[in-house]
Amino acid sequence: MIIHVDQPVVEVHDLTVTYERRPVLWDIDFTLPGGILAGIIGPNGAGKTTLIKAAMDLVVPGSGFVRLFGKSLKEVRSKVSYVPQRRTVDWDFPASVYDVILMGTYPSLGLFRYPRKAEKELALDALRKVELEDFKNRQISQLSGGQQQRVFLARALTQNADLFFMDEPFAGVDAATEKTIIKVLQELTSHGKTVVVVHHDLQSVAKYFDWTIMIHSRLIASGPTSQVFTPELVEKTYGGKLDLLTEVAHLLQTEKLPPRED
Amino acid sequence: MDAFFVILTGSLVAVTCGILGIFLMLRRMVMIGDAISHSVLPGIVIAFLISGSRDGLAMLIAAVITGLLTTFIIQFIHEKGKLQADASIGVTFTWLFAIGIILISVFADYVDLDQECVLYGEIAYVPIDLWILPSGIIMGPRSVYMLGTVLLIVVITILFFFKEFYMVTFDQDFAVSTGLSVTLWHYILMALISLTTVASFESVGAILVVAFLVAPPASAYLLSDDFKTIIILTVFIGIIVAISGYFLAVYINSSISGSMTVMAGIIFAIAWLLAFRRRNFQKSLKIIKF
């Protein structure tokens with residue numbers, strides 16, 4: 001089930017990506033409306049990360065394209081923020097929490113200019129939002145996984161973007177961090193911003209996301225969570241992994257998903 | 001006065017190499033620095049054959065070209081040839097370095113380059129290798145000018161583009177997502193390394209340059225968690241290495257660049273011990289921050 005929208009904020013058209021002749025994404029085609037929190041789910045190796053990397057021009061698609069706000073990424077780069085997976089960087093890097101967050105203001109500064117008062121305020125504000133005020137000068141290697149993830153989120157906030165792509169922001173974080181992050185993301189969408197998140201925890205999909213995109217190399221479904229996050233489609237997406245599936249199906253039934261208004 | 005110039009030259013080499021070494025180390029590309037320090041040799045010899053002198057510009061341009069070519073070949077073999085990065089580095093630089101050695105021996109009659117000097121450098125000759133203007137005015141040791149210029153280029157580039165180097169070094173994907181070209185900054189860094197190597201090789205030689213690229217930054221990295229402090233410490237350690245190395249060489253009457261490298265190793269060992277103590281016994285102890 002693929003539900004398209006008019007005037008999409010994100011439009012993925014016939015996207016195919018291959019790594020060394022092995023297809024990772026096949027013919028992905030969907031659209032996302034603005035102001036939503038969208039989750040991309042699918043089994044390991046389904047191409048979730050590749051999908052948002054393709055949206056950020058970090059991988060070159062074999063065919064197809066991604067348009068953001070109806071334009072190519074190059075034209076709207078300052079309105080788009082990308083949060084890579086936490087483990088893609090070296091956390092022993094000599095930087096403090098504040099240093100990393102301030103980095104989010106660099107792109108808007110351009111060459112030769114350095115952060116001034118306005119940028120520093122922005123960074124401090126982001127620091128408050130992710131509840132890391134007490135860790136401002138902490139060396140990043142001394143943070144827990146959840147705190148590292150919040151640093152990445154804060155860096156994205158200082159970019160003042162309208163569209164966010166986040167790769168596994170909830171992976172390996174503590175419950176408190178998960179709460180903080182979801183609060184920040186919901187605040188963003190309440191201000192009309194669009195957030196697209198790669199997600200792996202099926203139990204929280206219905207609770208968190210307005211929109212769900214299910215992929216397994218091919219697109220299985222894309223639409224409002226209340227419509228597409230069904231046991232049948234989840235089974236189709238995760239096909240074969242039965243233990244997990246029965247568990248999920250069980251959960252879906254016993255928990256009685258609350259209806260979502262969209 | 002001679003001692004002063006030798007120490008000054010050593011310090012210039014150590015500081016220039018050290019500053020760039022920090023970025024190499026944090027990007028886990030130290031061995032590319034090693035590769036470039038060797039593979040610029042054929043470029044230097046060819047530049048010498050064409051221009052007929054060891055002076056300035058031709059040499060620096062040749063170094064940058066060969067350095068970038070090396071980086072490109074390593075990248076190409078690694079990506080297109082599907083060979084591991086370290087293997088492609090090993091294949092590329094030894095091959096280019098060997099070509100340089102052959103060129104020197106084949107054109108020995110025309111090239112005023114000595115294999116010993118290329119390999120080990122001879123910093124003791126710095127004070128007698130003077131830059132003399134056509135009018136006969138003695139300007140001082142040639143190496144000091146060459147190294148001074150390169151240090152200036154390096155410092156200015158890093159200062160102007162610190163933000164960009166910092167982003168590209170810490171988080172490549174994020175940097176690319178904001179529109180920076182990681183490739184461009186990579187090649188700029190490699191060009192700077194090439195310049196530094198060629199300016200340094202007469203004094204410390206191709207083999208020891210890598211010690212100056214790695215040892216001071218590695219020591220500083222162990223002593224601090226703050227980027228700016230690491231830069232300042234690297235500069236400071238580089239100068240200490242040059243001074244103490246010189247006096248060690250005088251005392252035991254031995255190779256100056258060798259002694260400087262030995263001192264760099266000793267300082268690294270001390271830094272490692274301090275860091276080890278801090279990590280294991282005194283967790284609350286403050287690390288250095290300026």
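This is a predicted model: local features need pLDDT of at least 70, side-chain atom pairs count only at pLDDT 80 or more; totals for chains, interfaces and linings use all residues.
Residues are numbered from 1 along each chain as its sequence is written, chains are lettered from A and ligands numbered from 1 in the order in which they are written, and side-chain values use heavy atoms, with hydrogens and water left out.

View 1. A search of the whole structure finds one cavity of 30 Å³ or more. On a 1 Å grid over the protein atoms alone, a cavity is a set of points where a 1.4 Å probe fits but cannot get out, and lining residues have an atom within 4 Å of a point. Grid points are joined across faces, edges and corners, and a volume is the space filled by probe spheres set on the points. Among the lining residues are A:Val10, A:Phe30, A:Leu51, A:Phe165 and A:Val196. H1(A) gives the most to this lining, with three residues. The lining divides into 11 nonpolar, no polar and no charged residues; Ala, Val, Leu, Ile, Met, Phe, Trp, Tyr, Cys and Pro count as nonpolar, Asp, Glu, Lys and Arg as charged, and the others, Gly among them, as polar.

**View 2. The second largest pocket.** A pocket is an open set of points with protein on both sides within 12 Å along at least five of seven lines. This one holds about 470 Å³ of space. Of its 20 lining residues, B:Met29, B:Gln75, B:His78, B:Glu79 and B:His186 are the closest to its centre. H3(B) gives the most to the lining, six residues; helices (H or I, at least four residues) and strands (E, at least two) are DSSP runs, numbered from the N terminus. By class, the lining has 11 nonpolar, five polar and four charged residues.

**View 3. The interface of chain B and chain A.** Chain B brings 25 residues to the contact and chain A brings 31, contact meaning heavy atoms within 4.5 Å. About 2,600 Å² is buried between the two chains, 65% of it from carbon and sulfur atoms; buried area is the accessible area (1.4 Å probe) that two parts lose on being put together, summed over both. B:Lys163, B:Phe170 and B:Phe174 supply 30% of the area that chain B buries against chain A, more than any other three residues.

**View 4. Salt bridges between and within chains.** A salt bridge is a side-chain nitrogen of Lys or Arg within 4 Å of a carboxyl oxygen of Asp or Glu. A:Lys53 forms one with B:Asp173, the closest N and O atoms being 3.5 Å apart. Within chain A, A:Asp125 pairs in a salt bridge with A:Arg128, with the closest N and O atoms 3.6 Å apart. A:Asp125 and A:Arg128 both lie in helix H5 (residues 117-129) of chain A, three residues apart, about one turn of the helix.
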